[in-house]
Amino acid sequence: MNSKFAKKYRYLAYLLIAPSITIVTLFLIYPSLESLYLSFFRSTPFGNRQMYVGFENFQRLLTSPAYWNSLIRSIVFTAVTVFISIASALILAVVTNKKIRGAKIYKSLLIWPFAFSFAFSGIIWGVLMHPNVGLMSYYIQLITTLEFNWINNGTAAFTLIIIASSWRMLGYNFIFFIAALQNVSPTLLEAADIDGASPFTKFWRITFPLISPITFFLLIMNTLQVFFLTFGVVDVLTQGGPARATDIVTYKLFRDAFLSMRTGYASAQSIILFVFVAVITVIQFKYAGEKVFYQ
Amino acid sequence: MKRKKSTTLFIHLFLIISVFLVSFPIIYALMVSTLNIDEVYSSPPKLQFGDNMLNNYREAWQRSNMGKLLFNSAFISITTAVGKIILSLSAAFAFVYFGNFPGKNILFIMILITHMLPLPIRIVPTYQLMDNLGWLDTYYALTIPFFASATGVLLFKQFYMTVPESLLEASLMDGITPLRFLWSILIPLSKSNIVALFTIEFIWVWNQYLWPLVTTNSARVRVVQIGLKMLIPSDAQPEWNVIMAALIMGVIPPLLVYLTLQKSLVEGFAMQQDK
């Protein structure tokens, strides 16, 4: 942009940015640095005294089987949830984007879950799959004779939080894909039709490359959201159990910080989580550059 | 475009099944919210609407103090969404229309960096900060720390950059001041972006869980998400019919916001794509 406001208004630019910067500094950057600082301390069992312990918190975490369990489960949980919700949202968006009757109605009925929180989604699916009252668990048992008991069985509980989170993310991803597909030029697809391209060829050669920036964007956003924001699902359903099968990193962090009051130990976990975010961010910039973000 | 009839039929069948699978949990929640407690615990589980709806909703409303929960959630969601919109559209305006002023890049990076600092990374110190400020158990803790938005700044910045430069040139010739340009030209143009951001942020804040869980304690500021969790007893048989009734009431506001603003939401994002 070449034209701009005169230099005498420069003070105004700072003034307009100041509120955002104040909030960011005070409530985001400063507390994050404080997390780093606290991660080198241990709170004494009685009273509020903090003891400097160097890297002890990190050492204890990285040698703790409970923490590795939590990390690995979170990563698997995130990967599976992100894959399911993006793949199904993409398929549904492509199909509803075809010129068919009632496409609008289908679309609006598929976006629903977006309005539900992870906690609400957890409650609904928890009841649907409940070993005593659940309709779905009842029929699963009737048909397969397998018992889906998420209250006692770790695998069932882990599956349940994946289902509840995927359902919620599906609506979110669907909205973005629909918006992206609206920009895929119909003439391009019609030209391909004239050349006799099959629907699969059209999808992989035309549609998919055109919407790959948004797919990549969703991949990043979903990974962060599922990894960090699914706390609610676990808190309303399993509280990390049974036998720590759903003890995802944010839940463990919450327990250590606010139930056991081990602030140093919890802050060290925060810093490890930051490493995770940093890795995702590097991937994002490396493979997409800034551009994908805004597109 | 011609398509075989059988293909069209197949597409409809596929979509009907998908819609059913996606919507079924919600229909089921609605059904459970109309049953009485014996029907909830009957075996095999009932797949039908009961006639205890009114009782369940009345009970849920009273037991959870739903009026207050809805008010609190609505208040913090609207305040935060509006706060984010105002702060991010003014910051984006400054980044686009004032040339290269000293410190511009570093300030922009500081705002972008918030993408890298989700709550769990700073939850202990932010909680302590709320404590020191005396903000625990108040609306302040639930709103002000969330007023900055990297997404919002990016969204508006991107949009302003697509606004034709001639518009600014013509306005400059008329001797327009920056704030007047923002207020009477840019903001009206940004309408669908504003609405899109409002929808996303309203639902986002409405559905927040971890932060209200750790910073609020009293019914005065309790939000829907936490109020609902408190309906589930840890030691007794939960009354799922009452809980589902509360859940349905608690999801209506975000759903309404979404349905009302749906068109602008998709338009707002579509415009971002349109380059």
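How are H5(A) and H1(B) oriented to each other, and why? The views below come from a predicted model.

**View 1. Helix H5 of chain A crosses helix H1 of chain B.** Angles of 65 to 115 degrees count as roughly perpendicular. H5(A) and H1(B) are therefore roughly perpendicular to each other. From H5(A), the contact takes Ile124(A), Trp125(A), Val127(A) and Leu128(A). From H1(B), Pro25(B), Tyr28(B), Ala29(B) and Val32(B) meet them. By class, this contact holds 8 nonpolar residues, no polar and no charged.

**View 2. Chain A meets chain B.** On one side, 85 residues of chain A are in contact; on the other, 80 residues of chain B. Which helix gives the largest share of the chain A side? Helix H1 of chain A, residues 10–38, supplies 17 residues. The chain A side divides into 59 nonpolar, 18 polar and 8 charged residues.

**View 3. Helices H4 and H7 pack within chain A.** H4(A) spans residues 103–111, and H7(A) spans residues 154–181. The two axes come within 8 Å, with a crossing angle of roughly 140°. H4(A) contributes Lys107(A), Leu110(A) and Ile111(A). H7(A) contributes Gly171(A), Phe174(A), Ile175(A) and Ile178(A). The contact residues divide into 5 nonpolar, 1 polar and 1 charged.

**View 4. Helix H11 of chain B is mostly covered.** H11(B) has 16 residues, 191–206. From first C-alpha to last, H11(B) reaches 22 Å, close to the 22 Å expected at 1.5 Å a residue. How many of the residues of H11(B) are buried? The count is 12 of 16. Among them are Phe198(B), Phe202(B) and Trp206(B). The buried set also includes Asn193(B), Thr199(B) and Glu201(B).

**View 5. Chain B carries annotated transmembrane regions.** An unreviewed UniProt entry lists "transmembrane region" for residues 9–31, 74–99, 106–127, 139–160, 181–206 and 240–261 of chain B. Two of these spans are described here. Residues 106–127 are 55% helix and 0% strand, with end C-alpha atoms 27 Å apart. Residues 139–160 are 73% helix and 0% strand, and their end C-alpha atoms lie 33 Å apart.

Terms used
Residues are numbered from 1 along each chain as its sequence is written. Chains are lettered from A and ligands numbered from 1 in the order in which they are written. This is a predicted model: local features need pLDDT of at least 70, side-chain atom pairs count only at pLDDT 80 or more; totals for chains, interfaces and linings use all residues. Two residues are in contact if their C-beta atoms, placed from the backbone, lie within 7 Å. Helices (H or I, at least four residues) and strands (E, at least two) are DSSP runs, numbered from the N terminus. Ala, Val, Leu, Ile, Met, Phe, Trp, Tyr, Cys and Pro count as nonpolar, Asp, Glu, Lys and Arg as charged, and the others, Gly among them, as polar. Axes are lines fitted to C-alpha atoms, for helices over the stretch in contact, and angles run from 0 to 180 degrees between N-to-C directions. UniProt positions are given in the numbering used here, feature names are shortened, and annotations may be inferred rather than shown by experiment. The expected span of a helix is 1.5 Å times one less than its number of residues. A residue is buried if 20 or more other C-beta atoms lie within 10 Å of its own, exposed if 12 or fewer, and partly exposed in between; C-beta atoms are placed from the backbone. Angles under 35 degrees count as roughly parallel, over 145 as roughly antiparallel, 65 to 115 as roughly perpendicular and the rest as oblique.
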